[in-house]
Amino acid sequence: MVASKNHQHTCMKQFSILDLKYIAIIAMVIDHITVAFLRTAALSSSPQSVSFILYAVLRGIGRLTMPLMVFCLVEGFTHTRNLHRYLTRLFVFAVISHFAFVYFNYGSFFFTPKHPIYFQTGIIAALFFALLLLTVLFKTQLFIGVKILLSIVIFFLSFFCDWTFYPLLLALIFYLFREHIFLKIFTYILSIPFWIFFNRYTAIVKNSITVNRVNVLHAWNETIAYFEKYYYFQLFMLGLFLVIPFIALYNGKKTKLKNADTPKRQAVKKYFFYIFYPAHLIVLGWLKTFF
(Lines give C-alpha, C1' and ligand atoms only; values in the text may rest on other atoms or scores of the structure.)
Protein backbone atom coordinates (compact mmCIF):
# COMPACT_ATOMS: atom_id res chain seq x y z
CA MET A 1 0.00 0.00 0.00
CA VAL A 2 2.83 2.41 0.91
CA ALA A 3 4.68 1.55 -2.28
CA SER A 4 1.52 2.16 -4.29
CA LYS A 5 1.05 5.59 -2.71
CA ASN A 6 4.68 6.54 -3.38
CA HIS A 7 4.33 5.44 -7.00
CA GLN A 8 1.13 7.45 -7.35
CA HIS A 9 2.81 10.53 -5.83
CA THR A 10 5.74 10.18 -8.26
CA CYS A 11 3.43 9.86 -11.25
CA MET A 12 1.74 13.10 -10.30
CA LYS A 13 5.05 14.93 -10.77
CA GLN A 14 5.01 15.43 -14.50
CA PHE A 15 7.66 18.04 -15.32
CA SER A 16 11.29 17.28 -16.07
CA ILE A 17 14.03 19.88 -16.46
CA LEU A 18 13.62 19.69 -20.23
CA ASP A 19 9.88 20.33 -19.89
CA LEU A 20 10.50 23.36 -17.67
CA LYS A 21 13.01 24.76 -20.17
CA TYR A 22 10.49 24.49 -23.02
CA ILE A 23 7.79 26.12 -20.88
CA ALA A 24 10.23 28.94 -20.04
CA ILE A 25 11.03 29.48 -23.72
CA ILE A 26 7.36 29.59 -24.77
CA ALA A 27 6.58 32.07 -21.98
CA MET A 28 9.63 34.16 -22.95
CA VAL A 29 8.56 34.42 -26.58
CA ILE A 30 5.04 35.42 -25.54
CA ASP A 31 6.47 38.07 -23.21
CA HIS A 32 8.87 39.56 -25.75
CA ILE A 33 6.28 39.63 -28.54
CA THR A 34 3.98 41.47 -26.14
CA VAL A 35 6.69 44.00 -25.25
CA ALA A 36 7.60 44.53 -28.90
CA PHE A 37 4.13 45.01 -30.33
CA LEU A 38 1.60 45.72 -27.55
CA ARG A 39 3.48 47.77 -24.96
CA THR A 40 3.06 51.15 -26.68
CA ALA A 41 -0.70 50.71 -27.04
CA ALA A 42 -1.02 49.50 -23.44
CA LEU A 43 0.92 52.47 -22.06
CA SER A 44 -1.46 54.87 -23.75
CA SER A 45 -4.61 52.99 -22.65
CA SER A 46 -6.62 52.90 -19.47
CA PRO A 47 -6.33 49.89 -17.14
CA GLN A 48 -9.85 48.86 -18.16
CA SER A 49 -9.10 48.76 -21.90
CA VAL A 50 -8.86 45.51 -23.86
CA SER A 51 -5.34 46.32 -25.03
CA PHE A 52 -4.09 46.84 -21.48
CA ILE A 53 -5.79 43.73 -20.11
CA LEU A 54 -4.36 41.65 -22.96
CA TYR A 55 -0.94 43.19 -22.33
CA ALA A 56 -1.12 42.43 -18.60
CA VAL A 57 -2.26 38.82 -19.10
CA LEU A 58 0.39 38.00 -21.70
CA ARG A 59 3.17 39.62 -19.69
CA GLY A 60 1.89 37.75 -16.64
CA ILE A 61 2.46 34.52 -18.56
CA GLY A 62 5.92 35.81 -19.39
CA ARG A 63 6.75 35.95 -15.66
CA LEU A 64 7.16 32.17 -15.79
CA THR A 65 10.43 32.49 -17.69
CA MET A 66 13.00 33.87 -15.28
CA PRO A 67 12.12 31.79 -12.17
CA LEU A 68 12.01 28.59 -14.23
CA MET A 69 15.39 29.47 -15.78
CA VAL A 70 16.84 29.98 -12.31
CA PHE A 71 15.27 26.76 -11.07
CA CYS A 72 16.89 24.84 -13.94
CA LEU A 73 20.17 26.64 -13.27
CA VAL A 74 20.18 25.47 -9.64
CA GLU A 75 19.50 21.90 -10.72
CA GLY A 76 22.35 22.21 -13.22
CA PHE A 77 24.63 23.60 -10.52
CA THR A 78 23.79 20.65 -8.29
CA HIS A 79 24.38 17.97 -10.92
CA THR A 80 27.01 19.39 -13.28
CA ARG A 81 30.21 17.41 -13.71
CA ASN A 82 32.20 20.45 -14.80
CA LEU A 83 31.25 23.66 -12.99
CA HIS A 84 34.07 25.65 -14.60
CA ARG A 85 32.78 24.78 -18.08
CA TYR A 86 29.23 25.66 -17.02
CA LEU A 87 30.37 29.10 -15.80
CA THR A 88 32.42 29.70 -18.94
CA ARG A 89 29.53 28.75 -21.21
CA LEU A 90 27.14 31.10 -19.41
CA PHE A 91 29.66 33.94 -19.50
CA VAL A 92 30.27 33.56 -23.25
CA PHE A 93 26.57 33.49 -24.08
CA ALA A 94 25.92 36.40 -21.69
CA VAL A 95 28.35 38.50 -23.76
CA ILE A 96 26.82 37.34 -27.06
CA SER A 97 23.27 37.85 -25.79
CA HIS A 98 24.05 41.36 -24.57
CA PHE A 99 24.19 42.70 -28.13
CA ALA A 100 20.91 40.96 -29.02
CA PHE A 101 19.30 42.36 -25.86
CA VAL A 102 20.44 45.90 -26.75
CA TYR A 103 19.24 45.52 -30.35
CA PHE A 104 15.80 44.35 -29.21
CA ASN A 105 15.39 47.21 -26.75
CA TYR A 106 17.14 50.09 -28.53
CA GLY A 107 17.30 49.16 -32.22
CA SER A 108 21.10 49.10 -32.27
CA PHE A 109 23.70 46.46 -31.42
CA PHE A 110 25.74 49.02 -29.53
CA PHE A 111 24.29 50.51 -26.36
CA THR A 112 24.78 54.28 -26.14
CA PRO A 113 23.26 55.43 -22.82
CA LYS A 114 22.55 59.07 -22.06
CA HIS A 115 24.78 58.82 -19.02
CA PRO A 116 28.11 56.94 -18.92
CA ILE A 117 27.35 55.25 -15.59
CA TYR A 118 24.07 53.73 -16.76
CA PHE A 119 24.30 50.26 -18.30
CA GLN A 120 21.91 47.36 -18.74
CA THR A 121 22.25 43.84 -20.07
CA GLY A 122 20.09 40.73 -20.40
CA ILE A 123 18.94 37.82 -18.29
CA ILE A 124 21.79 35.49 -19.30
CA ALA A 125 24.21 37.78 -17.47
CA ALA A 126 21.96 37.63 -14.40
CA LEU A 127 22.01 33.82 -14.61
CA PHE A 128 25.80 33.91 -14.85
CA PHE A 129 26.01 36.03 -11.70
CA ALA A 130 23.55 33.69 -9.94
CA LEU A 131 25.72 30.70 -10.81
CA LEU A 132 28.84 32.59 -9.79
CA LEU A 133 27.24 33.47 -6.45
CA LEU A 134 26.35 29.81 -5.76
CA THR A 135 29.89 28.79 -6.72
CA VAL A 136 31.50 31.33 -4.38
CA LEU A 137 29.26 30.44 -1.45
CA PHE A 138 29.03 26.67 -1.75
CA LYS A 139 31.86 25.35 -3.92
CA THR A 140 34.90 27.25 -2.70
CA GLN A 141 37.02 27.04 0.43
CA LEU A 142 37.41 30.79 0.77
CA PHE A 143 37.38 32.53 4.14
CA ILE A 144 33.85 33.53 5.13
CA GLY A 145 34.70 37.24 5.05
CA VAL A 146 35.98 36.92 1.48
CA LYS A 147 32.83 35.03 0.49
CA ILE A 148 30.65 37.81 1.91
CA LEU A 149 32.66 40.52 0.16
CA LEU A 150 32.55 38.73 -3.19
CA SER A 151 28.81 38.08 -2.77
CA ILE A 152 28.19 41.80 -2.19
CA VAL A 153 30.15 42.63 -5.35
CA ILE A 154 28.21 40.05 -7.37
CA PHE A 155 24.88 41.39 -6.06
CA PHE A 156 25.95 44.91 -7.00
CA LEU A 157 26.86 43.84 -10.55
CA SER A 158 23.49 42.14 -10.94
CA PHE A 159 21.76 45.53 -10.69
CA PHE A 160 22.91 46.16 -14.27
CA CYS A 161 21.07 43.06 -15.52
CA ASP A 162 17.49 42.42 -16.51
CA TRP A 163 15.57 41.51 -13.30
CA THR A 164 18.43 43.03 -11.24
CA PHE A 165 19.17 41.00 -8.07
CA TYR A 166 16.04 38.80 -8.09
CA PRO A 167 17.54 35.82 -10.01
CA LEU A 168 20.35 35.71 -7.42
CA LEU A 169 17.87 35.75 -4.56
CA LEU A 170 15.84 32.95 -6.17
CA ALA A 171 18.99 30.92 -6.81
CA LEU A 172 19.72 31.00 -3.09
CA ILE A 173 16.14 30.09 -2.19
CA PHE A 174 15.95 27.20 -4.67
CA TYR A 175 19.34 25.85 -3.59
CA LEU A 176 19.05 26.21 0.18
CA PHE A 177 15.56 24.66 0.25
CA ARG A 178 16.13 22.24 -2.62
CA GLU A 179 15.09 19.21 -0.54
CA HIS A 180 12.22 20.98 1.25
CA ILE A 181 9.43 21.66 -1.24
CA PHE A 182 7.08 23.47 1.15
CA LEU A 183 9.80 25.76 2.53
CA LYS A 184 10.98 26.44 -1.01
CA ILE A 185 7.53 27.44 -2.22
CA PHE A 186 6.72 29.43 0.93
CA THR A 187 9.98 31.40 0.72
CA TYR A 188 9.46 31.94 -3.00
CA ILE A 189 6.00 33.39 -2.31
CA LEU A 190 7.48 35.76 0.29
CA SER A 191 10.16 36.86 -2.17
CA ILE A 192 7.66 38.17 -4.73
CA PRO A 193 6.30 41.24 -2.86
CA PHE A 194 9.79 41.84 -1.45
CA TRP A 195 11.28 42.04 -4.94
CA ILE A 196 8.42 44.08 -6.46
CA PHE A 197 8.81 46.71 -3.73
CA PHE A 198 12.58 46.95 -3.72
CA ASN A 199 12.97 46.65 -7.48
CA ARG A 200 10.66 49.60 -7.98
CA TYR A 201 12.63 51.71 -5.54
CA THR A 202 16.05 50.81 -6.95
CA ALA A 203 14.99 53.29 -9.62
CA ILE A 204 15.76 55.95 -7.01
CA VAL A 205 19.43 55.02 -7.19
CA LYS A 206 19.39 54.98 -10.99
CA ASN A 207 17.56 58.30 -11.14
CA SER A 208 20.01 59.89 -8.73
CA ILE A 209 23.02 59.18 -10.98
CA THR A 210 21.53 60.19 -14.32
CA VAL A 211 21.38 63.62 -15.92
CA ASN A 212 19.11 66.10 -14.09
CA ARG A 213 18.60 63.60 -11.24
CA VAL A 214 21.54 64.46 -9.01
CA ASN A 215 19.30 65.32 -6.07
CA VAL A 216 18.50 62.10 -4.22
CA LEU A 217 15.44 63.57 -2.50
CA HIS A 218 14.07 64.70 -5.85
CA ALA A 219 14.74 61.24 -7.29
CA TRP A 220 12.91 59.63 -4.34
CA ASN A 221 9.85 61.86 -4.75
CA GLU A 222 9.78 61.33 -8.50
CA THR A 223 9.98 57.55 -8.17
CA ILE A 224 7.19 57.39 -5.59
CA ALA A 225 5.01 59.66 -7.72
CA TYR A 226 5.58 57.44 -10.75
CA PHE A 227 4.77 54.28 -8.79
CA GLU A 228 1.55 55.76 -7.35
CA LYS A 229 0.44 56.93 -10.79
CA TYR A 230 1.32 53.78 -12.72
CA TYR A 231 1.12 51.07 -10.04
CA TYR A 232 -1.22 49.00 -12.22
CA PHE A 233 1.64 48.40 -14.65
CA GLN A 234 3.15 46.20 -11.94
CA LEU A 235 0.07 43.96 -11.77
CA PHE A 236 1.40 41.56 -14.37
CA MET A 237 4.10 40.66 -11.81
CA LEU A 238 1.39 38.58 -10.15
CA GLY A 239 2.21 36.11 -12.91
CA LEU A 240 5.20 35.11 -10.78
CA PHE A 241 2.76 33.03 -8.73
CA LEU A 242 2.12 30.87 -11.83
CA VAL A 243 5.55 29.31 -11.29
CA ILE A 244 4.48 27.50 -8.11
CA PRO A 245 2.69 24.47 -9.65
CA PHE A 246 5.57 23.86 -12.07
CA ILE A 247 8.07 23.81 -9.21
CA ALA A 248 5.77 21.59 -7.13
CA LEU A 249 5.32 19.10 -9.98
CA TYR A 250 9.01 18.84 -10.87
CA ASN A 251 9.90 15.15 -11.02
CA GLY A 252 13.62 15.50 -10.30
CA LYS A 253 14.62 14.21 -13.74
CA LYS A 254 16.53 15.80 -16.59
CA THR A 255 14.19 14.37 -19.20
CA LYS A 256 11.25 11.98 -19.42
CA LEU A 257 13.01 9.74 -21.92
CA LYS A 258 13.63 6.24 -20.58
CA ASN A 259 16.73 5.76 -22.72
CA ALA A 260 19.60 8.19 -22.36
CA ASP A 261 20.16 10.59 -25.25
CA THR A 262 23.25 10.25 -27.36
CA PRO A 263 26.02 12.82 -26.62
CA LYS A 264 25.20 14.56 -29.90
CA ARG A 265 21.52 14.97 -29.03
CA GLN A 266 22.42 16.14 -25.54
CA ALA A 267 24.72 18.82 -26.98
CA VAL A 268 22.04 19.98 -29.44
CA LYS A 269 19.48 20.32 -26.65
CA LYS A 270 21.96 22.06 -24.34
CA TYR A 271 23.06 24.70 -26.84
CA PHE A 272 19.62 25.19 -28.36
CA PHE A 273 18.44 27.08 -25.28
CA TYR A 274 21.54 29.29 -25.23
CA ILE A 275 21.33 30.11 -28.94
CA PHE A 276 17.58 30.60 -29.01
CA TYR A 277 17.65 33.53 -26.56
CA PRO A 278 19.81 35.96 -28.63
CA ALA A 279 18.41 34.64 -31.93
CA HIS A 280 14.77 35.36 -31.09
CA LEU A 281 15.65 38.81 -29.71
CA ILE A 282 17.37 39.73 -32.97
CA VAL A 283 14.41 38.48 -35.05
CA LEU A 284 11.85 40.33 -32.89
CA GLY A 285 14.05 43.44 -32.79
CA TRP A 286 14.24 43.42 -36.60
CA LEU A 287 10.46 42.95 -36.93
CA LYS A 288 9.81 45.73 -34.42
CA THR A 289 12.16 48.10 -36.26
CA PHE A 290 10.88 47.51 -39.77
CA PHE A 291 7.22 46.79 -39.11
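I will start on the surface. Phe91, Val92, Val95, Ile96, Phe99, Phe109, Phe110 and Ile282 make a nonpolar surface patch of about 700 Å². A patch here is built from residues with over 30% relative accessible area and no salt bridge; like charges are joined within 9 Å, and nonpolar side chains (Val, Leu, Ile, Met, Phe, Trp, Tyr) within 5 Å. Accessible areas come from the Shrake-Rupley method with a 1.4 Å probe, and for residues only the protein chains shown count as cover.

Before going on, some housekeeping. This is a predicted model, in which local features need pLDDT of at least 70 and side-chain atom pairs count only at pLDDT 80 or more, while totals for chains, interfaces and linings use all residues. Residues are numbered from 1 along each chain as its sequence is written, and side-chain values use heavy atoms, with hydrogens and water left out.

Which helix gives it the largest share? That is helix H6, residues 83–106, with five residues. Helices (H or I, at least four residues) and strands (E, at least two) are DSSP runs, numbered from the N terminus. Phe99 is one of the residues in H6, and it counts as partly exposed because its relative accessibility is 34%. The cut-offs are these: buried is under 20% relative accessible area, exposed is over 50%, and partly exposed is in between, with a 1.4 Å probe and protein chains only.

Is histidine 98 buried or exposed? At 12% relative accessibility, histidine 98 is buried. Setting aside neighbours within four places in sequence, histidine 98 is in contact (heavy atoms within 4.5 Å) with Phe119, Gln120 and Thr121.

There is also a positive surface patch, formed by Arg81, Arg85, Lys254 and Lys270. In this count Lys and Arg are positive and Asp and Glu negative, while His and the chain ends are not counted. The place of a charge is taken as NZ of Lys, CZ of Arg, CG of Asp or CD of Glu. Lysine 270 lies in helix H14, residues 263–290, and is partly exposed at 36% relative accessible area.

Now the chain as a whole. Its secondary structure comes to 14 helices and zero strands. Of its 291 residues, 43% are buried. The accessible surface comes to about 16,500 Å², and 70% of that belongs to carbon and sulfur atoms. Among contacts with a separation of 6 or more, 74% are between residues 24 or more positions apart.

Helix H9, residues 166–176, is a case of a covered element. Eight of its 11 residues are buried, so H9 is largely enclosed by the rest of the structure. Among the buried ones are Tyr166, Pro167 and Phe174.

Next, salt bridges. A salt bridge is a side-chain nitrogen of Lys or Arg within 4 Å of a carboxyl oxygen of Asp or Glu. How many does a search of the whole structure find? The search gives four.

Take aspartate 31 and arginine 63, whose closest N and O atoms are 2.6 Å apart. Aspartate 31 lies in helix H2 (residues 17–37) and arginine 63 in the loop between helix H4 (50–62) and helix H5 (65–79), so the pair ties together parts 32 residues apart in sequence. Both residues are buried. A network of salt bridges links Asp31, Arg59 and Arg63.

Arg59 comes up again beside threonine 34. Threonine 34 lies in H2 and is buried, at 1% relative accessible area. Apart from neighbours within four places in sequence, threonine 34 is in contact with Arg39, Tyr55, Leu58 and Arg59.

Arginine 178 forms a salt bridge with glutamate 75, with the closest N and O atoms 3.0 Å apart. Arginine 178 lies in the loop between H9 and helix H10 (181–201) and glutamate 75 in helix H5, so this pair ties together parts 103 residues apart in sequence. Glutamate 75 is buried, at 6% relative accessible area, whereas arginine 178 is partly exposed, at 22%. Arginine 178 also meets glutamate 179 in a salt bridge, at 2.8 Å from N to O. Glutamate 179 counts as exposed because its relative accessibility is 62%.

That is the tour.
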